Amino acid sequence: MVVLEASGIRKAFPGVVAVDDVSVSFELGRIHGIVGENGAGKSTLVKILDGVLRPDRGTVRIEEEDAFAHPRIFANVSYVPQELDLFRNMTLAENLFMPFRKAGFKDVLIRQSRLYAEAARWLELFQIDVPPSRLAKDISVSNQQLLQIARATANRLCKVLILDEPTTSLTTKSISRLFDVIRQLKNEGRSIIFISHKLDEIFDLCDEVTVLRNGMKVAYAEMQDVDRPTLIRQISGRDIDEKFTFRPRAQAAQDVALEVEGLTGRGFSDVSFTLRRGEILGFAGLVGAGRSEIMQTIFGYLPAKRGQVRLDGRPLRLGDTHHSIHAGLVYLPEERRAQGILPLLSVRHNISISALPQITTRGMISAGREEVLTQRIAQAFDIRTASLERPIMFLSGGNQQKTIIGRAMASSPKVLILDEPTKGIDVGSKTDLYALMRNLVEGGEVGIIFISSDLDELLRCANRVVAVYNGRIVGEFLTEASSKNEVFRAMIGEKTNGRNGPLQ
Amino acid sequence: MRAAPEPVGPPAKAAVKEGAARPSAVARVVTRVRQARTGGVLIAFLLIIAIASVASPYFLSAFNMQSVIRSLAFLGIVAMGQACLLILGELDLSVGAIAGLSGVLGGILMVWFGVDPFLSFVLGLVFGAIFGLVNGLLVTFLELNALVVTVGMAGVYLGINLVISEGKAIVDIPPQIYFLGQGIVLGIPMPFVIMLLVLLVVVFVTMYTPFGRYMYAIGNSREAAQILGIPVNLVRMLTFMGVGLLSALAGMVMVARLGTSQPSIGETWVLDSIAASVIGGVALTGGVGSPAGALLGAAIIGVVQNIIVLVGVSPYLQTAVSGMIVVAAISLDAISRKIAKARQ
């Protein structure tokens with residue numbers, strides 16, 4: 001039964017038509033996937049379905065009623081954003097039922113015991129094994145994610161649940177737990193809209209799928225009628241061969257650029273490996289295995305307990321990011337929004353910030369040389385923006401990523417560490433990024449460490465892959481000669497015949 | 001801002017896309033003004049000037065103008081410093097107390113110990129820089145919150161001030177330094193000249209040096225700045241120190257102007273400097289705005305206070321009016337941002 005129906009939706013912003021004549025309907029008891037590149041119009045559409053944005057044209061009907069004429073019925077639709085937005089210093093129970101009135105607590109005074117009893121039921125349903133009196137900030141990230149969905153569902157009216165990339169920061173185990181819960185909600189007869197860049201999840205979970213491209217609906221299919229290559233072609237509008245590899249030529253690899261020996265720090269111990277100039281070294285592992293911690297320690301952002309890092313044969317002073325950058329070691333963090341971009345500054349200033357010494361004469365930044373430098377980087381890295389003066393926060397995720405990689409390369413580093421650079425980036429931009437990494441490395445000046453939770457992408461891009469499990473390096477594989485299965489077993493902690501220690 | 005003699009949008013954009021041509025100097029100034037969010041303030045300022053000159057015939061008289069810009073100078077100097085800290089994502093609530101204490105210490109050196117007045121003037125500035133540095137060290141090394149630290153330190157500085165001076169003014173300041181506060185060069189009061197010099201230095205540092213860029217970067221995201229290898233704590237510390245120095249400068253010039261060291265110097269500068277920054281487009285959350293904008297903000301506050309006196313409104317109403325300007329300015333800013341967001 002159709003519960004939510006949008007027809008002929010159009011929404012334009014100055015200079016861009018975000019959603020153009022899209023009609024789509026959602027049924028109770030089904031999971032409907034929405035896929036598309038960054039900027040395809042997914043979030044605009046979803047905001048219209050949720051009643052946050054008003055369309056220029058078209059109608060949204062909820063249970064046959066014109067929703068924008070009776071905005072109250074938007075209460076039937078709950079949107080769960082990608083970013084966590086819990087009340088961190090309040091209890092799980094309070095998080096679940098805020099606002100209390102809407103959740104059925106109509107008394108002037110809230111009785112704590114009743115609140116907890118009610119909350120316990122919901123927590124159990126969502127397999128969150130934590131007492132309801134705990135503070136939201138004190139539970140694990142995956143539990144927080146589940147709590148966020150539970151909160152949306154606890155609203156009694158909620159018939160349509162919109163999940164926007166709910167799995168980006170979850171471990172494999174918690175993803176399957178989340179999917180169990182989603183399926184259960186579906187069986188209860190709710191309608192679920194699921195947005196994700198991960199096609200595996202779409203195929204695993206959804207009953208039907210709608211593809212958006214450039215604001216238009218380009219395809220709709222029952223899941224059993226569509227295969228992966230077709231879906232990818234619909235999403236990106238071009239043929240992308242997922243088997244195609246981007247490994248740098250082996251002969252590009254030269255002398256050792258980075259040597260890590262017996263490094264021990266917060267959450268990992270006794271890590272040793274080497275990286276050559278001209279190669280891409282992949283780091284595989286589950287979320288929480290300690291990959292980011294290892295890299296941030298090498299880079300000097302986190303303190304090291306023991307061990308040594310040598311860059312070009314010279315020992316690196318640990319715990320000092322300023323020194324690392326000057327020595328030629330650059331780290332691009334996974335949390336692009338919080339730790340990567342300088343959101344309010346222009347694209348130009350975001351690029352030049354790490355190359356200021358090069359363009360400064362007698363203490364003064366030369367506007368001319370800054371212009372030349374930023375133009376060169378913007379072109380070389382294909383940064384698409386109306387103007388370099390635009391604040392970077394308005395660029396798409398893919399373009400932000402290209403900007404900060406361009407920024408990193410502007411200081412001519414010897415070693416570049418990319419921590420989950422493809423997170424939240426669509427298929428087409430990912431492929432661009434792979435090619436970009438290969439080209440950088442084949443230039444022969446730089447070695448890249450590439451961290452990713454997507455094993456396929458590591459095997460396609462890296463020359464070697466190191467598997468990390470529980471804070472230790474448990475194996476190292478030449479990607480040409482290794483199967484996915486082999487690496488996967490190492491990264492989930494099973495014994496393998498993957499060689500331990502660095503290959504020479 | 002819209003009326004600037006610059007060809008509308010497309011040509012400038014095209015230049016950027018083609019890559020070869022550099023935007024014209026005018027275009028760059030326009031972008032700078034736009035980025036610094038000072039355009040709206042400039043219009044508001046001109047509007048207030050227009051209203052003021054209609055409301056009172058005395059407003060534009062040479063004498064009144066001199067007095068307006070002389071009193072503007074003090075708040076202007078402090079506000080530019082405060083703006084630097086706000087851009088960095090910090091703030092200093094002890095600027096007034098630092099000005100007062102430095103003024104008293106400088107005065108004591110001259111009067112009680114007979115130190116050369118100019119040397120004492122400079123030593124007063126050094127004291128200010130040290131007080132600022134203490135704030136900075138507490139904020140960076142102990143990772144304390146700037147608001148709490150500087151409220152606390154304001155109490156400490158004011159307390160020391162009152163203990164030493166016993167709450168009384170230090171009189172008989174040597175007349176050699178009076179010209180720094182009372183002198184007039186080419187019709188322009190000396191404090192205003194000093195403020196213009198400060199403006200030059202601060203604008204140069206914030207816009208044309210790596211140090212300035214680092215300030216904006218840290219204000220945008222301290223974590224990102226750390227990961228970019230920017231010496232975050234050094235920049236924060238030095239900025240606190242600079243702000244201490246500027247506060248002391250305002251305090252010392254005030255001593256030269258009054259001919260006495262009043263322990264109460266700087267009392268109103270704390271909130272007014274923050275208000276001026278906010279009016280001038282500096283975000284309380286850091287990362288945007290410019291010290292020049294803060295100076296404009298200070299000018300708006302100064303002109304409004306002046307016109308209240310000129311048209312004979314009760315002085316009791318002045319405080320309320322100053323408060324209203326702040327609220328009106330930030331409301332306008334919020335409204336314009338809402339409009340910009342809706343357009344995005």
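Ile77(B) reaches well beyond its own stretch of sequence. Setting aside neighbours within four places, Ile77(B) is in contact with Met195(B), Val198(B), Leu246(B), Leu249(B) and Ala250(B). These contacts belong to a predicted model.

Ile77(B) also belongs to the largest nonpolar core, which has 178 residues. Ile77(B) is among the members that touch the most others, together with Met80(B) and, from chain A, Ile417(A), Met437(A), Ile448(A), Ile449(A) and Phe450(A). Which element gives this core its largest share? Helix α4 of chain B does, residues 62–88, with 16 residues.

Now take chain B as a whole. Chain B has 15 helices and 2 strands. Of its 344 residues, 48% are buried. Consider the contacts in chain B with a separation of 6 or more: 77% of them join residues 24 or more positions apart.

Two packed helices are described by the angle between their axes and the distance between the axes. Helix α9(B) covers residues 190–208, and its axis comes within 5 Å of that of α10(B). The two axes cross at roughly 70°. Angles of 65 to 115 degrees count as roughly perpendicular, and α9(B) and α10(B) are therefore roughly perpendicular to each other. Which residues make the contact? From α9(B) come Val205(B), Thr206(B), Met207(B) and Tyr208(B). From α10(B) come Phe211(B), Gly212(B) and Met215(B). By class, the residues of this contact are 5 nonpolar, 2 polar and no charged.

Helix α10(B) also takes part in the meeting of the two chains. There, 25 residues of chain B are in contact with 35 residues of chain A. On the chain B side, the elements that give two or more residues are α1 (10–18), α2 (25–35), α10 (210–220) and α11 (222–227). The largest share comes from α10(B), with 5 residues. The class make-up of this side is 10 nonpolar, 10 polar and 5 charged residues.

Next, the sheets of chain A. Strands of a sheet pair through backbone hydrogen bonds, either parallel or antiparallel. One open sheet of chain A has 6 strands in the order β6-β7-β8-β3-β9-β10, and its pairing is mixed. β6(A) and β10(A), the latter at residues 216–222, are the edge strands, each pairing on one side only. On average, neighbouring strands of this sheet are turned by 20° against each other, direction ignored.

Start at the β6 end. Strand β6(A), residues 77–80, pairs with β7(A) in the parallel sense over 4 bridges. Val77(A) has Val160(A) as its bridge partner, and Val80(A) has Leu163(A). Helix α4 of chain A, residues 141–154, packs on this sheet and touches β6(A) and β7(A). The direction of α4(A) makes about 170° with that of β6(A). Helix α5 of chain A, residues 172–187, packs on the sheet too, touching β3 (31–35), β7 and β8 of chain A. Its direction makes about 145° with that of β8(A).

Is β7(A) mostly covered or mostly open? Strand β7(A), residues 160–164, is mostly covered, with 4 of its 5 residues buried. β7(A) also pairs with β8(A), residues 191–195, in the parallel sense over 5 bridges. Here Leu161(A) has Ile192(A) as its bridge partner.

Another open sheet of chain A has 4 strands, ordered β12-β11-β14-β15, with antiparallel pairing. β12 (268–276) and β15 (314–315) of chain A stand at the edges with a single partner strand each, so one side of each is left without a neighbour in the sheet. Between them, β11(A), residues 256–265, pairs with β14(A), residues 304–311, in the antiparallel sense over 6 bridges. In this pair, Val260(A) stands opposite Val309(A). Helix α8 of chain A, residues 291–299, lies across β11, β12 and β14 of chain A. The helix runs at about 110° to β11(A).

Definitions and conventions:
Residues numbered from 1 in each chain as written. Chains lettered and ligands numbered in written order. Predicted model: local features only at pLDDT ≥ 70, side-chain atom pairs only at ≥ 80, totals over all residues. Buried ≥ 20, exposed ≤ 12 C-beta atoms within 10 Å, placed from the backbone. Contact = placed C-beta atoms within 7 Å. Nonpolar A, V, L, I, M, F, W, Y, C, P; charged D, E, K, R; others polar. Pairing = 2+ DSSP bridges. Axes fitted to C-alpha atoms, helices over the stretch in contact; angles between N-to-C directions. Parallel < 35°, antiparallel > 145°, perpendicular 65-115°, else oblique. Core = buried A, V, L, I, M, F, W, Y, C linked by C-beta atoms within 7 Å.
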